[in-house]
Amino acid sequence: MTDVTSLPRLTRSNAPKSAVGVVHLGLGAFYRAHGAIYIAEAMEISGGDWGIVGVSLKSPTQAEQLKPQDCAYTALELAPTGRIPHHVEVVQDVLVAPEDPEAVLAVMAAETTKIITLTVTEKGYCHEPSTGRLNQAHPDIAQDLAEPRHPASALGFLVQALQMRRAAGLRPFTVLTCDNLPENGRVVRGVVLELAGLIDADLAAWIEAECRFPATMVDRIVPATKPEDIAALGDEIGAYDASPVMMEPFRQWVVEDDFVDGVRPDFGAVGVELVENVTPYEEMKLRCLNGTHSTLAYLGYLGGMDTISETVADPDYAAFVLQLWRDEIIPGLTPPEGVDLFAYADALMARYQNPAICHLTWQIAMDGSQKLPQRILVQLAEGLAAGRPMTGLTLAVAAWMRYVGGVDETGSAIDVRDPLADRLKSLSDAGQTAAETVANLLSVTEVFPAALTSNAAFVANVTRAYEGLVRDGARAMVAKALI
Ligand code: CS2
């Protein structure tokens, strides 16, 4: 294989840059493989000034990688049958918020900017998942409140930019969240209004009346890019792309059609589903896909599997997931109109099996304290209340508990990435017995709803599952769970 850095650097074509209409907060691989591509295609078909300025809220890495190639990049579609590189030029610039917050605010407040898209991950909303309220003790929110003109969080930037637009007599922008949260539009609206209200009550009233926060459901599997992906792509395209994105062929975007003054790219032309109510799509995707993804991530990782495709290649794990959909997840869902949930689940299995996608169980296992509530715990509590046994999702919770204990089945340390990692580890270590460890972890009220912690049968079952994982290991527990 050629030394990829010796190849010419990837660059833009001679096509003129499009004018900027979108600012994206939290530029990462997912958005570059999903929203950015839909927007690029919508512009190709129907025109419009929808170029994107990407903003990194913390790290300069994306800017360092993309700027030397004038923000062009490759989105590599990985099908079981072959690889298709797509050259993408929709990103016009990348800003790093801590380096130049004024530039970020200036572009967000520019009259030409109509939409702010966001992928800041679950924790970026600085809210308490169980209540949806703003976490005012969060250090970034404390900074936003202390110095609203020098914000730290995505919410702080939204509020200050809206303040600037209002002062300049401009219309607000649409805030389009693309994170995997239930009712994501309502969540971001709630925390923006709460933060704005603490800074300026009139501003909050204006945002409430004029701004729009459509809910969305986003879907595309985008595994993290590895150095070997960059090297292999170099051979294929004859250029060095320091920041390509890897993606499966499948994609879906369901968007509530509620934009400020109705102004948006021609999403309908490129397959975005514009609907009145996203909730049934969101629940289907969060529970069927993300719920089983997290389940496979913890049980797979503990079982020694590196990727999702490797995990579902094991017949017991595959049967276990099919059983989860059939007995625990689908019975709790109301399907979106015209959708057959069993066909949806079958298609998901094929996506998981795609051997071209190396999606690490470790990657999906990240930030479990922020993901578990909406992916697993809500449906678990609902299923138990409806009288279903829910033993599979209970095993998934026990696997998360075992995982955050930080030691795998061979005795090696697990690199647990989670905003609560230290606290979870101490709680786990403080337990002298399995029952104590489980009880300690269940006491984390930001994660576990009272409906579960007050359910004695659930507590006994999750404790038994945890003991089984410690004693027999994940593979044995998955096999035992099959009916
Ligand atoms: C995954 C998601 O990392 C994770 O937690 O479950 O990123 C998943 O791949 C996407 O939501 C698929 O749309």
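Predicted model: local features only at pLDDT ≥ 70, side-chain atom pairs only at ≥ 80, totals over all residues.
Residues are numbered from 1 along each chain as its sequence is written. Local features need pLDDT of at least 70 and side-chain atom pairs pLDDT 80 or more, while totals for chains, interfaces and linings use all residues, and side-chain values use heavy atoms, without hydrogens and water.

Helices are DSSP runs (H or I, at least four residues), numbered from the N terminus. Helix α12 (residues 315-329) packs on helix α13 (residues 341-353) at an angle of about 155°, with the axes 11 Å apart; axes are lines fitted to C-alpha atoms over the stretch in contact, and angles run from 0 to 180 degrees between N-to-C directions. α12 is therefore roughly antiparallel to α13 (angles over 145 degrees). A318, V321, L322, W325 and R326 of α12 meet F342, A345, L348, M349 and Y352 of α13 (contact: heavy atoms within 4.5 Å). These residues divide into 9 nonpolar, no polar and 1 charged.

Helix α10 (residues 279-302) packs on α13 at about 40°, with axes 11 Å apart. On the α10 side the contact includes K285 and H293, and on the α13 side L348 and Y352. Its residues comprise 8 nonpolar, 2 polar and 2 charged.

Polar contacts (N or O pairs within 3.5 Å) are tabulated below.

| Side chain | Ligand atom | Distance |
|---|---|---|
| N180 | oxygen | 3.0 Å |
| D219 | oxygen | 2.6 Å |
| K371 | oxygen | 2.8 Å |

Note on methods:
Helix = DSSP H or I, 4+ residues; strand = E, 2+ residues; numbered from the N terminus. Parallel < 35°, antiparallel > 145°, perpendicular 65-115°, else oblique. Nonpolar A, V, L, I, M, F, W, Y, C, P; charged D, E, K, R; others polar. Polar contact = N/O pair within 3.5 Å; in protein donor to acceptor, adjacent residues only side chain to side chain.
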